[in-house]
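Here are some exercises to work through with the model open beside you. Try each one before reading its solution.

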Amino acid sequence: MENLSVDNLLGIKYLNSNDLNLIFKTADNFKEVINRKIKKVPSLRDVTIANLFFENSTRTKLSFELAQKRLSADVVNFSSSGSSISKGETLIDTVNNIISMKVDMVVMRHPSPGASVFLSKNIDSCIINAGDGTHEHPTQALLDAYSLIEKIGNLKNKNILIVGDIMHSRVALSNIYAYQKLGANVTVCGPKSLIPNDIESLNVTVDTDFINALKHCDAVNMLRIQNERMSESYFPSVREYVQQYGLNKSILDSLDKKIIVMHPGPINRGVEITSEVADSDQAIILDQVENGVAIRMAVMYLLAAKLK
Amino acid sequence: MKPKKILGANEISTILNRLSFQLIEDHSSFKNTVLVGIQPRGSLLAKRIATLINNYNKSNNLKIGYLDITFFRDDFRRSEKVLKANSTKLDFSIENKTVVLVDDVLFTGRSIRAALSAIQSFGRPLAVKLLTLIDRRFSRELPIQPDYCGTQVDSRLNEKVIVNWKENNNEDSVYLIKNN
């Protein structure tokens with residue numbers, strides 16, 4: 001019987017394509033479960049999971065918590081505001097204290113890139129990365145790829161465009177890894193100042209011409225402008241960004257084919273995409289959110305199977 | 001040990017006919033009775049029996065569904081292998097219906113225990129019955145017995161019953177083999 005090749009989910013980088021397909025296959029089953037009248041299965045009833053959120057989150061936190069509850073796991077939540085972090089406790093100490101309370105699995109979001117990898121090297125517990133700074137956000141990439149496959153089938157040789165703040169986006173990096181492992185071609189697009197210099201080493205194409213890039217893609221992932229991660233100004237003004245890289249209905253309609261529009265949320269309506277596009281039938285933004293629960297159930301189910 | 005043939009195609013055909021008639025006798029029109037095959041191995045048996053019943057009744061009234069019990073099993077994280085799920089397909093309400101659970105082999109009874117929990121996610125059935133082709137008696141770990149039974153087999157714990165269906169394996173047959 002198949003099994004994941006990893007014991008933690010730290011990033012898409014560490015998964016292989018079999019892992020991805022196993023997660024998607026399992027998510028299919030969970031998607032059916034969460035559409036039942038009674039949306040709960042008892043699989044993880046003897047597993048305790050701690051959600052450690054050292055950074056704000058609405059969707060991811062809710063999605064993880066719902067997924068855990070649908071699997072009948074016991075859940076404890078922790079957010080850094082009002083915690084001993086402000087008293088100077090280190091990350092390892094905080095997590096070790098929580099694990100001492102017999103927690104089997106840790107879901108962590110942290111503002112520092114590599115925080116979950118660092119943690120996995122220092123503590124003995126199953127860790128799921130729910131976003132670490134500008135590094136990776138694996139479950140988001142999994143649900144993006146899963147939602148896209150649901151719409152356009154196998155991603156082999158499909159062209160996927162990621163637009164926006166590639167530099168500060170953990171979604172971008174995880175997406176690039178996931179799509180490439182599934183055989184798709186990835187193009188990134190955005191202001192030069194927001195595209196890392198050595199991005200070509202990941203085998204992605206860089207195109208700063210938004211319209212041209214759109215013409216050649218099957219799906220576009222519009223990233224959010226992350227003001228909170230920008231210590232300086234990367235483009236002259238939001239208005240100029242919108243003019244060059246904002247997706248509106250008339251651009252979408254001018255393309256030869258109907259492309260799929262994705263957004264990891266939260267949307268800055270009128271910046272990356274207009275409301276008209278976000279609410280159009282080409283956008284699968286709410287499917288992404290729905291699938292997020294099924295994907296996270298699949299990930300936790302498969303990782304729980306490997307707990308000692 | 002050489003595989004021991006328990007049932008051949010003719011015997012299976014006779015048994016399936018008998019089981020179908022037993023169901024027809026008890027549930028006549030199947031207005032309030034549904035067949036639910038337990039995935040993956042009970043589904044083919046459920047399909048076969050449904051076809052026989054529909055042919056006899058000259059109708060397609062009999063509703064048939066497939067139930068996956070993976071997430072309800074009690075050996076998750078207790079065995080080496082990951083439990084891999086199959087699809088569930090129940091397109092009808094089971095509320096106030098008699099559900100006939102169908103599986104090929106009844107052994108410890110744990111799968112049926114899981115199925116009893118799983119079926120509750122879809123409503124409250126009026127009654128639940130159990131139909132199995134093979135009943136490995138004396139090896140039960142839970143108080144579960146079939147209501148409709150093809151044949152009983154006496155076997156040791158280290159033996160395994162293999163059911164082949166012509167849809168998958170080119171022949172209808174049941175073998176007893178030594179499990180390594």
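**Exercise 1.** In what order do the three strands of the open sheet in chain B lie, and is the pairing parallel or antiparallel?

*Solution.* A note before we start: this is a predicted model, where local features need pLDDT of at least 70, side-chain atom pairs count only at pLDDT 80 or more, and totals for chains, interfaces and linings use all residues. Residues are numbered from 1 along each chain as its sequence is written, while chains are lettered from A and ligands numbered from 1 in the order in which they are written.

Step 1: the order is 1-8-7, with antiparallel pairing. Strands are DSSP runs (E, at least two residues) numbered from the N terminus, and two of them pair if DSSP finds at least two bridges between them.

Step 2: strand 1 (4-7) and strand 7 (159-164) of chain B each have a single partner strand, so one side of each lacks a neighbour in the sheet.

Step 3: strand 7 and strand 8 (residues 173-178) of chain B share six bridges; Val161(B) has Leu176(B) as its bridge partner in strand 8.

**Exercise 2.** Find Phe71(B) and decide: is it buried or exposed?

*Solution.* Step 1: look in the loop between strand 3 (63-67) and strand 4 (98-106) of chain B.

Step 2: Phe71(B) is buried because it has 27 C-beta neighbours inside 10 Å; the cut-off is 20 or more other C-beta atoms within 10 Å, with C-beta atoms placed from the backbone.

Step 3: leaving out residues up to four places away in sequence, Phe71(B) touches Val33(A), Val41(A), Ser43(A) and Ala85(B). Contact requires C-beta atoms, placed from the backbone, within 7 Å.

Definitions and conventions. Helices (H or I, at least four residues) and strands (E, at least two) are DSSP runs, numbered from the N terminus. A residue is buried if 20 or more other C-beta atoms lie within 10 Å of its own, exposed if 12 or fewer, and partly exposed in between; C-beta atoms are placed from the backbone. Two residues are in contact if their C-beta atoms, placed from the backbone, lie within 7 Å.
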